[in-house]
Amino acid sequence: MRLSRYFLPVLKENPSEAQIVSHRLMLRAGMIKQAAAGIYSWLPLGFKVLRKLENIVHEEQIRAGHIPIQMPILQSADLWRESGRYDDYGQEMLRMQDRHGRDMLYTPTAEELVTDIFRGHVSSYKDLPLTLYQIQWKFRDEIRPRFGVMRGREFYMKDGYNFDLTKEDALHAYNRHLVSYLRTYERMGLQAIPMRADSGPIGGDDTHEFLVLADTGESGVFYDSAVTDIRLGERDIDYDDKAQCQAIMEEFTSLYARTDETHDEALFQQVPEERRRSARGIEVGQIFYFGTKYSEPMGATVQGPDGKQVPVHMGSHGIGVSRLIGAIIEASHDDKGIIWPEGVTPFHCGIVNLKQGDDEADAACDNIYKALAALGLEPLYDDRNERAGGKFATMDLIGLPWRITVGPRGLKNGVVELTSRRTGESEELSPEAAVTRIAEIYERSV
């Protein structure tokens with residue numbers, strides 16, 4: 001993409017309404033625009049990152065054996081009355097009536113709707129296990145929407161639902177989701193720590209939240225610092241292997257890590273003093289096992305091996321896709337702007353032409369642009385007739401991990417400058433070598 005043809009409405013000044021870094025930088029970088037309180041339009045740069053995160057979530061869900069579907073944004077209130085949640089959910093649920101006077105609601109979560117799908121089509125244990133998921137817009141009418149996409153009213157979320165014959169099978173689904181989420185977050189350049197949490201309005205006995213440590217987090221967290229040293233890495237995982245998934249779950253959850261709702265000071269004091277930490281965290285996902293909480297009242301049963309009808313065991317599993325963008329920025333920025341991890345950057349590399357209109361510089365930039373595109377990479381070429389300082393400021397603000405700077409002086413010596421956004425370090429390379437280096441970096445980050 002050439003910047004002269006792109007829609008990137010960056011702001012020079014900090015917006016007065018933005019209280020935290022991610023909200024401020026997303027507005028300044030032209031990623032979002034507020035449409036109403038807690039509701040945002042996603043502009044090209046923000047939408048591009050949103051799609052990158054969505055694709056990673058899809059890939060890891062499918063790798064774990066989960067099946068994508070798409071459910072509607074509006075639901076009938078009758079389903080929620082069946083489960084007993086319609087009156088209990090509270091004012092966060094946006095309720096309405098259609099022209100025929102039927103009670104409807106804007107989806108905050110979809111346990112009832114997916115259970116209705118299941119009970120209408122699955123009748124035998126032979127069709128289990130089954131996990132269905134979607135990535136869809138949701139709405140919760142927050143009393144004080146703030147912090148941009150971190151606590152908005154409308155948000156983009158992956159929600160998945162497992163259906164299993166027994167509690168043992170459902171707990172394997174729980175472990176499988178935990179492992180797949182760990183891989184998902186690591187691909188995004190995040191360390192998200194699974195912490196024992198409160199189930200809230202979803203219900204259930206077993207639940208973990210995934211939290212990214214950040215000063216602006218809405219949750220107080222208490223943890224053993226040793227948990228931050230664990231990585232999933234490039235392990236070969238068989239998601240059908242119950243023992244392997246259980247072992248990984250225990251590895252990541254055996255050390256103390258809890259949100260303030262479930263914090264146990266007596267247990268925390270058993271952690272060696274030098275490893276006790278308290279901080280703030282941003283929730284980016286949560287997994288639940290809730291047994292037959294929905295299947296029993298809604299009649300989601302299957303015929304078991306003995307011929308008897310039994311309610312299925314269920315769980316639900318969410319990732320806040322739009323919220324993740326704010327979390328990534330909170331965890332990865334400096335005073336100049338965003339610093340995108342390679343796995344989620346909107347463009348793989350920025351190209352800055354220091355002297356637009358110079359034949360040699362223009363030709364070199366065009367060649368680099370075409371060479372990167374030919375390798376399947378997406379560069380953003382700043383071909384505007386602007387001063388160099390303004391071009392550098394824009395690239396720093398939008399946070400592309402790598403920048404190739406091209407100018408007449410360097411070209412006389414046959415070199416361009418390759419700069420890392422994260423470290424600020426630069427090196428001079430031939431244009432061909434710079435392209436090769438960028439390709440190698442992204443080959444390693446896949």
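Buried means under 20% relative accessible area, exposed means over 50%, and partly exposed lies in between, with a 1.4 Å probe and protein chains only. Take Ser 219: with a relative accessible area of 8%, Ser 219 is buried.

Some ground rules before I go on. This is a predicted model, where local features need pLDDT of at least 70 and side-chain atom pairs count only at pLDDT 80 or more, while totals for chains, interfaces and linings use all residues. Residues are numbered from 1 along each chain as its sequence is written, and side-chain values use heavy atoms, with hydrogens and water left out.

Back to Ser 219. Its place is in strand 11. Helices (H or I, at least four residues) and strands (E, at least two) are DSSP runs, numbered from the N terminus. What does Ser 219 touch, not counting residues up to four places away in sequence? Leu 211, Asp 260, Ala 279, Arg 280 and Gly 281. Contact here means heavy atoms within 4.5 Å.

Now the charges. Side chains of opposite charge can pair when their charged atoms come close. A salt bridge is a side-chain nitrogen of Lys or Arg within 4 Å of a carboxyl oxygen of Asp or Glu. How many salt bridges does the structure hold? There are 24.

Start with Asp 98 and Arg 102. Their side chains meet in a salt bridge at 2.8 Å, N to O. Asp 98 has 24% relative accessibility, so it counts as partly exposed. Arg 102 is partly exposed too, with a relative accessible area of 49%.

Next, Asp 116 and Arg 119. This salt bridge comes out at 2.9 Å, N to O. Both residues lie in helix 4, residues 111-121. They are 3 residues apart, about one turn of the helix. Asp 116 is partly exposed at 29%, and Arg 119 is partly exposed at 27%.

Salt bridges link Glu 59, Glu 60, Arg 63, Arg 183 and Arg 187.

What about charge without a partner? Asp 236, Asp 238, Asp 240 and Asp 241 form a negative surface patch. Patches are made of residues with over 30% relative accessible area and no salt bridge, with like charges joined within 9 Å and nonpolar side chains (Val, Leu, Ile, Met, Phe, Trp, Tyr) within 5 Å. Look at Asp 240. It lies in the loop between strand 11 (219-224) and helix 6 (242-253). Its relative accessibility is 69%, so Asp 240 counts as exposed.

Lys 138 is found in strand 7, residues 130-139. Its relative accessibility is 0%, so Lys 138 counts as buried. Leaving aside neighbours within four places in sequence, its contacts include Tyr 106, Pro 108, Glu 154, Phe 155 and Asp 159. Lys 158 is 20 residues away along the chain, and the two C-alpha atoms are separated by 9.7 Å.

Val 312 lies in the loop between strand 15 (309-311) and strand 16 (313-320). At 1% relative accessibility, Val 312 counts as buried. Thr 301 is 11 residues from Val 312 in sequence, and 5.7 Å away, C-alpha to C-alpha. Beyond four places in sequence, Val 312 is in contact with residues including Phe 118, Leu 128 and Phe 163.

Then Leu 190. It lies in the loop between helix 5 (167-187) and strand 9 (193-196). At 8% relative accessibility, Leu 190 counts as buried. Among the residues it touches, again beyond four places in sequence, are Tyr 185, Val 212 and Leu 324.

Last, the backbone. Most residues other than glycine have a negative phi, and most peptide bonds are trans. Which two residues does a cis peptide bond join? Leu 128 and Pro 129, with omega about 0°. Pro 129 lies in the loop between helix 4 and strand 7. Then check Phe 147. Its phi is near 65°, a positive value in a residue other than glycine. Phe 147 is in the loop between strand 7 and strand 8 (154-164), and is buried at 16%.

Notes:
Areas by Shrake-Rupley, 256 points an atom, 1.4 Å probe, with all protein chains shown as cover. Lys, Arg positive; Asp, Glu negative; His and termini not counted. Charge placed at Lys NZ, Arg CZ, Asp CG, Glu CD.
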